[in-house]
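Hi,

Here is the model I said I would pass on.

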Amino acid sequence: MTSDINLQTQSPDLESRITRQLELLALRSFELADRVAAGELQFLDAVDVAFDSAVASGLADLVGYDVIQVVLAATFEKVRP
Amino acid sequence: VKLDLQAILENAKRKHEGDYDPVALDRLDPSRDQRERQFEEQRINGQAKPSSTGLNVRDAGDDIEAPPPRGWLLGNTFCRKFLSSLLADGGVGKTAQRYAAYLSLATNRPLTGEHVFQRARVLIISLEDDTSELQRRILAARIHHDISTTDVKEWLFYCAPGAAGGKLMTADKGGRASLGLLAANLEAEIIGHQIDLVGLDPFVKTHSIPENENSLIDEVVQVLTDLAAKYNIAVDVPHHTSKGIPEPGNANRGRGASSMVDAARLVTTLTPMSSDEAKIFGIAETERKQYIRLDNGKVNIIRGGGNPKWFRLVGVRLKNGTELYPNGDEVQTIEPWQPPETWGDLGNNLLNQILTQIDAGLPDGNRYSDTPSSKGRAAWRVVTQYAPQKTEGQAREIIKTWVKNGVLIPGDYENPASRKTVSGLTVDHAKKPGK
(Lines give C-alpha, C1' and ligand atoms only; values in the text may rest on other atoms or scores of the structure.)
Protein backbone atom coordinates (compact mmCIF):
# COMPACT_ATOMS: atom_id res chain seq x y z
CA MET A 1 0.00 0.00 0.00
CA THR A 2 1.61 3.26 -1.19
CA SER A 3 0.33 6.78 -1.47
CA ASP A 4 1.44 9.66 -3.68
CA ILE A 5 1.30 13.05 -2.01
CA ASN A 6 1.72 16.35 -3.76
CA LEU A 7 3.52 18.83 -1.55
CA GLN A 8 4.07 22.52 -2.15
CA THR A 9 7.56 22.40 -0.60
CA GLN A 10 10.10 19.66 -1.24
CA SER A 11 11.86 19.73 2.10
CA PRO A 12 14.38 16.90 2.58
CA ASP A 13 13.13 16.32 6.11
CA LEU A 14 9.47 16.44 5.24
CA GLU A 15 9.13 12.83 4.18
CA SER A 16 10.58 11.52 7.41
CA ARG A 17 8.50 13.98 9.42
CA ILE A 18 5.28 12.89 7.73
CA THR A 19 6.22 9.24 8.13
CA ARG A 20 6.87 9.79 11.84
CA GLN A 21 3.62 11.68 12.33
CA LEU A 22 1.62 9.03 10.51
CA GLU A 23 3.24 6.34 12.60
CA LEU A 24 2.36 8.29 15.73
CA LEU A 25 -1.22 8.71 14.53
CA ALA A 26 -1.39 4.97 13.94
CA LEU A 27 0.08 4.25 17.37
CA ARG A 28 -2.34 6.63 19.08
CA SER A 29 -5.24 5.12 17.15
CA PHE A 30 -4.22 1.60 18.22
CA GLU A 31 -4.26 2.84 21.82
CA LEU A 32 -7.71 4.34 21.37
CA ALA A 33 -8.93 1.13 19.72
CA ASP A 34 -7.72 -0.75 22.80
CA ARG A 35 -9.84 1.55 24.95
CA VAL A 36 -12.83 0.87 22.73
CA ALA A 37 -12.21 -2.86 23.12
CA ALA A 38 -12.02 -2.40 26.90
CA GLY A 39 -15.39 -0.66 26.85
CA GLU A 40 -13.94 2.66 28.03
CA LEU A 41 -14.84 4.53 24.87
CA GLN A 42 -17.49 4.42 22.17
CA PHE A 43 -16.16 3.49 18.72
CA LEU A 44 -17.29 6.72 17.05
CA ASP A 45 -15.98 8.89 19.88
CA ALA A 46 -12.55 7.23 19.68
CA VAL A 47 -12.35 7.64 15.89
CA ASP A 48 -13.40 11.29 16.26
CA VAL A 49 -10.63 11.88 18.78
CA ALA A 50 -8.00 10.37 16.48
CA PHE A 51 -9.32 12.21 13.45
CA ASP A 52 -9.50 15.57 15.25
CA SER A 53 -5.97 15.02 16.50
CA ALA A 54 -4.75 14.51 12.91
CA VAL A 55 -6.55 17.69 11.86
CA ALA A 56 -5.33 19.73 14.82
CA SER A 57 -1.68 18.74 14.29
CA GLY A 58 -1.84 19.77 10.62
CA LEU A 59 -1.14 16.24 9.39
CA ALA A 60 -4.46 15.96 7.57
CA ASP A 61 -3.69 19.10 5.58
CA LEU A 62 -0.23 17.76 4.74
CA VAL A 63 -1.12 14.27 3.54
CA GLY A 64 -4.79 14.68 2.65
CA TYR A 65 -7.88 13.32 4.36
CA ASP A 66 -7.91 10.09 2.36
CA VAL A 67 -4.60 9.02 3.84
CA ILE A 68 -5.88 9.74 7.33
CA GLN A 69 -8.96 7.63 6.57
CA VAL A 70 -6.75 4.72 5.47
CA VAL A 71 -4.76 4.87 8.71
CA LEU A 72 -7.90 5.07 10.86
CA ALA A 73 -9.63 2.26 8.98
CA ALA A 74 -6.64 -0.03 9.48
CA THR A 75 -6.08 0.78 13.14
CA PHE A 76 -9.74 0.59 14.24
CA GLU A 77 -10.53 -2.45 12.08
CA LYS A 78 -10.71 -4.91 14.95
CA VAL A 79 -13.18 -2.88 17.01
CA ARG A 80 -15.43 -1.73 14.21
CA PRO A 81 -19.06 -2.45 15.15
CA VAL B 1 6.58 12.26 -1.77
CA LYS B 2 5.80 8.60 -1.90
CA LEU B 3 4.62 7.09 1.36
CA ASP B 4 4.61 3.41 2.13
CA LEU B 5 1.52 3.34 4.31
CA GLN B 6 1.66 -0.42 4.69
CA ALA B 7 5.14 -0.18 6.19
CA ILE B 8 4.13 2.69 8.45
CA LEU B 9 1.11 0.80 9.76
CA GLU B 10 3.06 -2.41 10.27
CA ASN B 11 5.77 -0.54 12.08
CA ALA B 12 3.20 1.12 14.36
CA LYS B 13 1.45 -2.18 14.98
CA ARG B 14 4.72 -3.87 15.88
CA LYS B 15 5.54 -1.13 18.35
CA HIS B 16 2.02 -1.19 19.74
CA GLU B 17 2.08 -4.93 20.34
CA GLY B 18 5.65 -4.96 21.60
CA ASP B 19 7.32 -3.47 24.59
CA TYR B 20 5.89 -0.02 24.05
CA ASP B 21 5.21 2.66 26.61
CA PRO B 22 2.12 4.69 25.62
CA VAL B 23 3.33 7.63 27.70
CA ALA B 24 6.37 7.88 25.43
CA LEU B 25 4.05 8.72 22.59
CA ASP B 26 3.66 12.25 23.85
CA ARG B 27 7.41 12.71 24.17
CA LEU B 28 7.95 11.34 20.68
CA ASP B 29 5.53 13.74 19.14
CA PRO B 30 6.82 17.31 19.50
CA SER B 31 3.81 18.70 17.67
CA ARG B 32 1.53 17.46 20.41
CA ASP B 33 1.52 20.05 23.12
CA GLN B 34 -0.22 20.25 26.47
CA ARG B 35 -3.33 21.88 25.06
CA GLU B 36 -3.79 19.18 22.47
CA ARG B 37 -3.49 16.46 25.10
CA GLN B 38 -6.02 18.26 27.26
CA PHE B 39 -8.34 18.57 24.32
CA GLU B 40 -8.03 14.86 23.59
CA GLU B 41 -8.94 13.96 27.16
CA GLN B 42 -11.84 16.40 27.12
CA ARG B 43 -13.09 14.94 23.88
CA ILE B 44 -12.87 11.48 25.37
CA ASN B 45 -14.93 12.68 28.31
CA GLY B 46 -17.35 14.33 25.92
CA GLN B 47 -16.66 17.75 27.37
CA ALA B 48 -15.18 19.89 24.66
CA LYS B 49 -14.46 20.74 21.09
CA PRO B 50 -11.14 22.25 19.95
CA SER B 51 -10.38 25.59 21.49
CA SER B 52 -7.30 27.72 21.32
CA THR B 53 -7.80 29.39 24.70
CA GLY B 54 -8.73 26.58 27.06
CA LEU B 55 -12.20 28.11 27.58
CA ASN B 56 -13.74 25.23 25.62
CA VAL B 57 -15.72 27.56 23.41
CA ARG B 58 -18.10 25.50 21.35
CA ASP B 59 -19.85 26.08 18.06
CA ALA B 60 -23.62 25.79 18.56
CA GLY B 61 -23.86 24.70 14.95
CA ASP B 62 -22.11 21.46 15.91
CA ASP B 63 -24.81 20.59 18.43
CA ILE B 64 -26.74 18.35 16.12
CA GLU B 65 -28.03 16.15 18.91
CA ALA B 66 -29.84 17.39 22.01
CA PRO B 67 -27.81 17.33 25.24
CA PRO B 68 -28.78 14.64 27.74
CA PRO B 69 -31.67 15.48 30.09
CA ARG B 70 -30.91 16.91 33.53
CA GLY B 71 -30.37 14.30 36.19
CA TRP B 72 -33.45 14.94 38.30
CA LEU B 73 -33.68 12.73 41.34
CA LEU B 74 -36.79 13.88 43.23
CA GLY B 75 -39.52 16.08 41.70
CA ASN B 76 -38.15 19.56 41.08
CA THR B 77 -36.30 19.44 44.38
CA PHE B 78 -33.06 17.51 43.84
CA CYS B 79 -31.04 17.27 40.65
CA ARG B 80 -27.59 15.91 39.92
CA LYS B 81 -24.92 18.63 39.54
CA PHE B 82 -27.17 21.22 41.18
CA LEU B 83 -27.26 22.77 44.62
CA SER B 84 -30.64 22.75 46.41
CA SER B 85 -31.66 24.64 49.50
CA LEU B 86 -34.69 24.87 51.73
CA LEU B 87 -35.21 28.17 53.54
CA ALA B 88 -37.23 28.21 56.75
CA ASP B 89 -37.33 29.69 60.22
CA GLY B 90 -36.20 27.50 63.11
CA GLY B 91 -38.80 25.02 64.35
CA VAL B 92 -41.00 25.10 61.26
CA GLY B 93 -40.24 21.50 60.28
CA LYS B 94 -37.33 21.96 57.87
CA THR B 95 -35.42 18.90 58.99
CA ALA B 96 -38.56 16.72 59.18
CA GLN B 97 -39.49 17.69 55.62
CA ARG B 98 -35.98 17.11 54.29
CA TYR B 99 -35.51 13.74 55.98
CA ALA B 100 -38.75 12.50 54.45
CA ALA B 101 -37.46 13.68 51.06
CA TYR B 102 -34.13 11.89 51.61
CA LEU B 103 -35.97 8.71 52.59
CA SER B 104 -38.08 9.00 49.43
CA LEU B 105 -34.88 8.79 47.41
CA ALA B 106 -33.28 6.06 49.50
CA THR B 107 -36.38 3.83 49.37
CA ASN B 108 -37.65 4.80 45.92
CA ARG B 109 -41.03 5.71 47.44
CA PRO B 110 -42.76 9.10 46.93
CA LEU B 111 -43.17 9.86 50.65
CA THR B 112 -43.39 13.62 50.03
CA GLY B 113 -45.76 13.25 47.10
CA GLU B 114 -42.98 14.08 44.67
CA HIS B 115 -41.95 11.77 41.84
CA VAL B 116 -38.83 9.71 42.49
CA PHE B 117 -36.98 9.62 39.18
CA GLN B 118 -34.40 7.15 40.38
CA ARG B 119 -33.45 5.49 43.63
CA ALA B 120 -30.43 7.25 45.08
CA ARG B 121 -27.83 6.73 47.79
CA VAL B 122 -28.16 9.49 50.34
CA LEU B 123 -25.67 10.82 52.87
CA ILE B 124 -27.08 13.01 55.65
CA ILE B 125 -24.54 15.12 57.49
CA SER B 126 -26.19 16.73 60.50
CA LEU B 127 -24.16 19.56 61.92
CA GLU B 128 -26.88 20.59 64.37
CA ASP B 129 -27.99 17.38 66.10
CA ASP B 130 -25.94 14.65 67.73
CA THR B 131 -26.03 11.08 66.47
CA SER B 132 -28.84 9.97 68.81
CA GLU B 133 -31.10 12.86 67.81
CA LEU B 134 -30.37 12.20 64.17
CA GLN B 135 -31.28 8.54 64.69
CA ARG B 136 -34.54 9.57 66.39
CA ARG B 137 -35.51 11.79 63.47
CA ILE B 138 -34.79 9.06 60.93
CA LEU B 139 -36.62 6.47 63.05
CA ALA B 140 -39.71 8.70 63.35
CA ALA B 141 -39.93 8.97 59.57
CA ARG B 142 -39.28 5.24 59.18
CA ILE B 143 -42.01 4.27 61.66
CA HIS B 144 -44.59 6.63 60.18
CA HIS B 145 -43.90 5.57 56.60
CA ASP B 146 -43.40 1.89 57.47
CA ILE B 147 -39.79 1.63 56.31
CA SER B 148 -37.68 -1.26 57.58
CA THR B 149 -33.93 -1.24 58.14
CA THR B 150 -33.46 -3.52 55.14
CA ASP B 151 -35.29 -0.95 53.00
CA VAL B 152 -32.56 1.60 53.70
CA LYS B 153 -29.56 -0.68 54.08
CA GLU B 154 -26.74 0.61 51.85
CA TRP B 155 -29.00 3.42 50.55
CA LEU B 156 -29.17 5.85 53.48
CA PHE B 157 -26.03 6.91 55.33
CA TYR B 158 -25.76 9.50 58.06
CA CYS B 159 -23.37 11.10 60.49
CA ALA B 160 -23.35 13.83 63.08
CA PRO B 161 -19.64 14.57 63.31
CA GLY B 162 -19.80 17.69 65.45
CA ALA B 163 -16.60 19.69 65.61
CA ALA B 164 -14.51 16.63 64.71
CA GLY B 165 -15.85 16.69 61.16
CA GLY B 166 -14.33 20.09 60.52
CA LYS B 167 -15.66 22.78 58.21
CA LEU B 168 -15.87 23.17 54.47
CA MET B 169 -14.01 26.44 54.80
CA THR B 170 -12.48 28.42 57.59
CA ALA B 171 -11.21 31.98 57.79
CA ASP B 172 -7.94 32.98 59.42
CA LYS B 173 -7.39 36.14 61.45
CA GLY B 174 -6.54 38.03 58.29
CA GLY B 175 -9.94 37.14 56.84
CA ARG B 176 -8.48 34.77 54.25
CA ALA B 177 -10.55 31.66 53.57
CA SER B 178 -8.96 28.24 53.36
CA LEU B 179 -10.32 24.81 52.61
CA GLY B 180 -11.31 22.90 55.74
CA LEU B 181 -11.24 19.27 56.77
CA LEU B 182 -14.92 18.65 56.02
CA ALA B 183 -14.41 19.12 52.28
CA ALA B 184 -11.85 16.32 52.07
CA ASN B 185 -13.84 14.06 54.42
CA LEU B 186 -16.96 14.63 52.40
CA GLU B 187 -15.24 13.77 49.16
CA ALA B 188 -13.90 10.53 50.60
CA GLU B 189 -17.35 9.49 51.85
CA ILE B 190 -18.99 10.35 48.53
CA ILE B 191 -16.54 8.06 46.76
CA GLY B 192 -16.62 5.36 49.44
CA HIS B 193 -20.40 4.99 49.54
CA GLN B 194 -21.11 5.95 45.90
CA ILE B 195 -23.35 8.74 47.11
CA ASP B 196 -25.92 10.38 44.81
CA LEU B 197 -27.15 13.08 47.19
CA VAL B 198 -25.49 14.81 50.13
CA GLY B 199 -27.60 16.75 52.62
CA LEU B 200 -25.65 19.13 54.86
CA ASP B 201 -27.89 20.55 57.57
CA PRO B 202 -27.71 23.46 58.21
CA PHE B 203 -25.59 25.48 55.79
CA VAL B 204 -24.53 27.97 58.45
CA LYS B 205 -22.66 25.24 60.33
CA THR B 206 -20.70 24.02 57.31
CA HIS B 207 -18.24 26.89 57.54
CA SER B 208 -16.72 29.37 59.96
CA ILE B 209 -16.75 32.26 57.51
CA PRO B 210 -18.47 35.53 58.52
CA GLU B 211 -21.90 34.81 57.11
CA ASN B 212 -22.45 38.27 55.67
CA GLU B 213 -19.28 38.15 53.53
CA ASN B 214 -20.64 37.53 50.05
CA SER B 215 -17.30 36.78 48.39
CA LEU B 216 -16.21 34.32 51.07
CA ILE B 217 -19.59 32.59 51.30
CA ASP B 218 -19.42 32.30 47.54
CA GLU B 219 -16.21 30.29 47.95
CA VAL B 220 -17.92 27.95 50.43
CA VAL B 221 -20.76 27.39 47.99
CA GLN B 222 -18.23 26.85 45.21
CA VAL B 223 -16.78 23.90 47.14
CA LEU B 224 -20.24 22.31 47.13
CA THR B 225 -21.05 23.07 43.50
CA ASP B 226 -17.64 21.71 42.46
CA LEU B 227 -18.36 18.50 44.36
CA ALA B 228 -21.77 18.26 42.72
CA ALA B 229 -20.26 18.64 39.26
CA LYS B 230 -17.23 16.44 39.88
CA TYR B 231 -19.15 13.46 41.24
CA ASN B 232 -22.43 14.03 39.37
CA ILE B 233 -24.34 14.27 42.63
CA ALA B 234 -27.06 16.49 44.08
CA VAL B 235 -26.15 18.62 47.11
CA ASP B 236 -28.75 19.96 49.53
CA VAL B 237 -28.06 22.62 52.15
CA PRO B 238 -31.13 23.60 54.23
CA HIS B 239 -30.69 27.17 55.42
CA HIS B 240 -32.15 29.38 58.14
CA THR B 241 -34.10 32.46 57.15
CA SER B 242 -33.43 35.95 58.37
CA LYS B 243 -35.71 37.44 60.97
CA GLY B 244 -38.91 39.03 59.75
CA ILE B 245 -42.36 38.13 58.52
CA PRO B 246 -42.44 34.72 56.83
CA GLU B 247 -43.23 35.10 53.15
CA PRO B 248 -43.81 31.91 51.18
CA GLY B 249 -41.68 31.67 48.06
CA ASN B 250 -39.35 34.57 48.90
CA ALA B 251 -35.85 33.20 48.35
CA ASN B 252 -34.32 36.50 49.44
CA ARG B 253 -35.07 35.65 53.04
CA GLY B 254 -32.01 33.42 53.38
CA ARG B 255 -29.88 34.39 56.36
CA GLY B 256 -26.57 36.14 55.79
CA ALA B 257 -24.87 36.72 52.45
CA SER B 258 -27.12 36.41 49.43
CA SER B 259 -24.43 34.58 47.45
CA MET B 260 -25.48 31.27 49.00
CA VAL B 261 -29.05 31.56 47.74
CA ASP B 262 -27.81 33.02 44.46
CA ALA B 263 -25.65 29.99 43.81
CA ALA B 264 -28.26 27.40 44.75
CA ARG B 265 -30.36 26.67 41.68
CA LEU B 266 -33.24 24.88 43.41
CA VAL B 267 -34.46 26.94 46.33
CA THR B 268 -37.70 26.26 48.17
CA THR B 269 -39.21 27.91 51.23
CA LEU B 270 -41.07 26.26 54.07
CA THR B 271 -43.68 28.32 55.93
CA PRO B 272 -46.31 27.50 58.55
CA MET B 273 -49.95 27.94 57.59
CA SER B 274 -51.07 31.56 58.11
CA SER B 275 -54.18 32.54 60.06
CA ASP B 276 -55.95 33.53 56.82
CA GLU B 277 -55.12 30.20 55.20
CA ALA B 278 -56.35 28.36 58.30
CA LYS B 279 -59.72 30.13 58.00
CA ILE B 280 -60.01 29.20 54.33
CA PHE B 281 -59.13 25.57 54.98
CA GLY B 282 -61.21 25.26 58.16
CA ILE B 283 -58.21 24.54 60.39
CA ALA B 284 -58.35 25.60 64.04
CA GLU B 285 -55.97 28.44 64.96
CA THR B 286 -54.33 26.23 67.60
CA GLU B 287 -53.54 23.57 65.00
CA ARG B 288 -52.48 25.66 62.03
CA LYS B 289 -48.73 25.46 62.73
CA GLN B 290 -48.89 21.70 62.20
CA TYR B 291 -49.49 22.47 58.53
CA ILE B 292 -46.58 23.73 56.46
CA ARG B 293 -46.34 24.84 52.86
CA LEU B 294 -43.42 24.32 50.50
CA ASP B 295 -43.05 26.93 47.76
CA ASN B 296 -40.62 27.27 44.91
CA GLY B 297 -38.49 30.16 46.08
CA LYS B 298 -36.19 30.41 43.10
CA VAL B 299 -36.06 27.57 40.69
CA ASN B 300 -33.48 28.76 38.17
CA ILE B 301 -33.67 25.79 35.87
CA ILE B 302 -37.40 25.26 35.53
CA ARG B 303 -40.35 27.59 35.17
CA GLY B 304 -41.22 28.95 38.61
CA GLY B 305 -44.59 29.46 40.24
CA GLY B 306 -47.15 26.74 40.70
CA ASN B 307 -49.19 25.77 43.70
CA PRO B 308 -47.54 25.20 47.06
CA LYS B 309 -47.07 21.66 48.33
CA TRP B 310 -48.65 21.18 51.73
CA PHE B 311 -47.44 18.88 54.49
CA ARG B 312 -48.76 18.01 57.93
CA LEU B 313 -46.37 17.57 60.84
CA VAL B 314 -47.03 14.31 62.63
CA GLY B 315 -45.75 13.32 66.07
CA VAL B 316 -44.47 9.75 66.07
CA ARG B 317 -43.94 7.65 69.20
CA LEU B 318 -40.57 5.97 68.90
CA LYS B 319 -41.42 3.17 71.38
CA ASN B 320 -38.02 3.66 72.97
CA GLY B 321 -39.26 3.86 76.54
CA THR B 322 -37.08 2.86 79.47
CA GLU B 323 -37.70 2.44 83.18
CA LEU B 324 -36.71 6.05 83.71
CA TYR B 325 -38.59 7.37 80.66
CA PRO B 326 -41.48 4.92 80.22
CA ASN B 327 -43.17 6.91 77.47
CA GLY B 328 -40.04 7.25 75.37
CA ASP B 329 -39.83 10.01 72.76
CA GLU B 330 -42.23 11.55 70.34
CA VAL B 331 -40.51 13.02 67.29
CA GLN B 332 -41.95 14.87 64.31
CA THR B 333 -42.05 13.76 60.75
CA ILE B 334 -44.20 14.93 57.86
CA GLU B 335 -46.81 13.53 55.51
CA PRO B 336 -48.26 15.15 52.39
CA TRP B 337 -51.51 17.00 53.04
CA GLN B 338 -54.09 18.07 50.52
CA PRO B 339 -55.98 21.27 51.41
CA PRO B 340 -59.73 21.14 50.82
CA GLU B 341 -60.56 22.40 47.37
CA THR B 342 -62.47 25.67 47.47
CA TRP B 343 -63.98 25.31 44.01
CA GLY B 344 -63.50 21.61 43.24
CA ASP B 345 -67.01 20.33 44.02
CA LEU B 346 -68.99 23.37 42.84
CA GLY B 347 -70.53 22.96 39.39
CA ASN B 348 -71.59 25.86 37.16
CA ASN B 349 -75.29 25.34 37.96
CA LEU B 350 -74.70 25.70 41.67
CA LEU B 351 -72.38 28.68 41.22
CA ASN B 352 -74.98 30.43 39.05
CA GLN B 353 -77.70 29.78 41.63
CA ILE B 354 -75.48 31.47 44.23
CA LEU B 355 -74.84 34.43 41.91
CA THR B 356 -78.55 34.75 41.08
CA GLN B 357 -79.37 34.88 44.78
CA ILE B 358 -76.66 37.49 45.40
CA ASP B 359 -77.91 39.59 42.48
CA ALA B 360 -81.51 39.39 43.68
CA GLY B 361 -80.44 40.83 47.03
CA LEU B 362 -82.11 40.50 50.41
CA PRO B 363 -85.92 40.43 50.96
CA ASP B 364 -85.81 43.92 52.52
CA GLY B 365 -84.45 45.40 49.31
CA ASN B 366 -80.84 45.60 50.46
CA ARG B 367 -77.95 44.18 48.48
CA TYR B 368 -75.42 41.63 49.68
CA SER B 369 -71.96 42.93 50.54
CA ASP B 370 -68.35 41.64 50.52
CA THR B 371 -67.16 43.93 53.31
CA PRO B 372 -66.03 42.23 56.56
CA SER B 373 -68.46 44.39 58.62
CA SER B 374 -71.53 43.60 56.55
CA LYS B 375 -72.81 40.92 59.01
CA GLY B 376 -76.47 40.42 58.00
CA ARG B 377 -75.75 41.32 54.38
CA ALA B 378 -72.62 39.12 54.08
CA ALA B 379 -72.49 37.55 50.61
CA TRP B 380 -70.42 34.58 51.84
CA ARG B 381 -73.50 33.33 53.74
CA VAL B 382 -75.25 32.77 50.39
CA VAL B 383 -72.37 30.45 49.42
CA THR B 384 -72.74 28.35 52.59
CA GLN B 385 -76.53 28.35 52.14
CA TYR B 386 -76.15 26.59 48.77
CA ALA B 387 -72.93 24.70 49.61
CA PRO B 388 -73.12 23.89 53.34
CA GLN B 389 -69.91 21.83 53.18
CA LYS B 390 -67.88 25.01 52.66
CA THR B 391 -66.23 26.70 55.60
CA GLU B 392 -66.66 30.41 56.22
CA GLY B 393 -63.08 30.91 55.03
CA GLN B 394 -63.72 29.07 51.78
CA ALA B 395 -66.99 30.93 51.19
CA ARG B 396 -65.28 34.28 51.78
CA GLU B 397 -62.50 33.20 49.38
CA ILE B 398 -65.10 32.47 46.67
CA ILE B 399 -66.70 35.92 47.06
CA LYS B 400 -63.27 37.56 47.10
CA THR B 401 -62.31 35.80 43.86
CA TRP B 402 -65.57 36.84 42.15
CA VAL B 403 -65.02 40.47 43.14
CA LYS B 404 -61.42 40.29 41.93
CA ASN B 405 -62.49 38.76 38.60
CA GLY B 406 -65.30 41.29 38.10
CA VAL B 407 -68.10 38.70 38.33
CA LEU B 408 -69.37 40.60 41.35
CA ILE B 409 -69.31 44.38 41.13
CA PRO B 410 -69.34 46.45 44.33
CA GLY B 411 -71.29 49.66 43.96
CA ASP B 412 -73.18 52.27 46.02
CA TYR B 413 -76.94 52.21 46.42
CA GLU B 414 -79.50 53.75 48.78
CA ASN B 415 -80.58 51.57 51.68
CA PRO B 416 -84.38 51.47 51.26
CA ALA B 417 -84.97 51.59 55.03
CA SER B 418 -82.36 54.06 56.28
CA ARG B 419 -82.07 56.09 53.03
CA LYS B 420 -78.31 56.09 53.57
CA THR B 421 -75.82 55.38 50.78
CA VAL B 422 -74.20 52.02 51.32
CA SER B 423 -72.13 49.58 49.25
CA GLY B 424 -73.58 46.38 47.77
CA LEU B 425 -72.88 43.75 45.14
CA THR B 426 -74.38 43.25 41.70
CA VAL B 427 -73.54 40.53 39.20
CA ASP B 428 -71.98 41.02 35.77
CA HIS B 429 -74.11 38.47 33.93
CA ALA B 430 -71.68 38.32 31.02
CA LYS B 431 -69.05 36.90 33.36
CA LYS B 432 -71.18 34.23 35.01
CA PRO B 433 -69.74 30.69 34.84
CA GLY B 434 -70.46 28.94 31.55
CA LYS B 435 -71.11 32.24 29.69
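Let me start with one residue: is B:D196 buried or exposed? B:D196 is buried, because its relative accessible area is 12%, where buried means under 20%, exposed over 50% and partly exposed in between, using a 1.4 Å probe and protein chains only.

Before more of that, some housekeeping. This is a predicted model, in which local features need pLDDT of at least 70 and side-chain atom pairs count only at pLDDT 80 or more, while totals for chains, interfaces and linings use all residues. Residues are numbered from 1 along each chain as its sequence is written, chains are lettered from A and ligands numbered from 1 in the order in which they are written, and side-chain values use heavy atoms, with hydrogens and water left out.

Back to B:D196. You'll find B:D196 in the loop of chain B that runs between α7 (181-192) and β9 (197-201). Helices (H or I, at least four residues) and strands (E, at least two) are DSSP runs, numbered from the N terminus. The side chain of B:D196 has a polar contact with the side chain of B:R80, at 3.1 Å. By polar contact I mean a pair of N or O atoms within 3.5 Å; within protein, one must be able to donate a hydrogen and the other to accept it, and residues adjacent in sequence count only if both atoms are side-chain atoms. A polar atom of the B:D196 side chain also lies 2.6 Å from the backbone nitrogen of B:R121. Leaving aside neighbours within four places in sequence, B:D196 is in contact (heavy atoms within 4.5 Å) with B:L73, B:R80, B:A120, B:R121, B:I233 and B:A234.

On to the aromatics. Over all chains, the structure holds six aromatic pairs. In one of them, the rings of B:Y99 and B:Y102 have centres 6.0 Å apart and planes at 35 degrees, so this pair is tilted. Rings of Phe, Tyr and Trp (its six-membered ring) pair if their centres lie within 6.5 Å; planes under 30 degrees apart count as stacked, over 60 as edge-to-face and the rest as tilted. B:Y99 and B:Y102 are about one helical turn apart, because they are three residues apart in helix α4 (residues 94-107) of chain B. Both B:Y99 and B:Y102 are buried, and together with B:F78 they form one aromatic cluster.

How many disulfides does the structure hold? Zero, over all chains, taking a disulfide as a pair of cysteine sulfur atoms within 2.5 Å. As for individual cysteines, B:C79 is buried at 0% relative accessible area, whereas B:C159 is partly exposed at 28%.

A few backbone spots deserve a look too. Most residues other than glycine have a negative phi, and most peptide bonds are trans. B:D201 and B:P202 are joined by a cis peptide bond, with omega about -5 degrees, and B:P202 is in the loop between β9 and α8 (214-231) of chain B. B:N232 is not a glycine but has a positive phi of about 55 degrees; B:N232 belongs to the loop between α8 and β10 (234-236) of chain B and is partly exposed at 34%. B:K319, also other than glycine, has a positive phi near 55 degrees. B:K319 is in the loop between β14 (309-317) and β15 (330-336) of chain B, and at 76% relative accessibility it counts as exposed.

Chain A has 81 residues, of which 46% count as buried, and its four helices and one strand follow the pattern β-α-α-α-α along the sequence. Chain B has 435 residues, 45% of them buried, with 13 helices and 17 strands. Chain A exposes about 4,300 Å², with carbon and sulfur atoms supplying 47% of it; for chain B the values are about 22,700 Å² and 48%. These areas come from the Shrake-Rupley method with a 1.4 Å probe; for residues, only the protein chains shown count as cover.

Cheers
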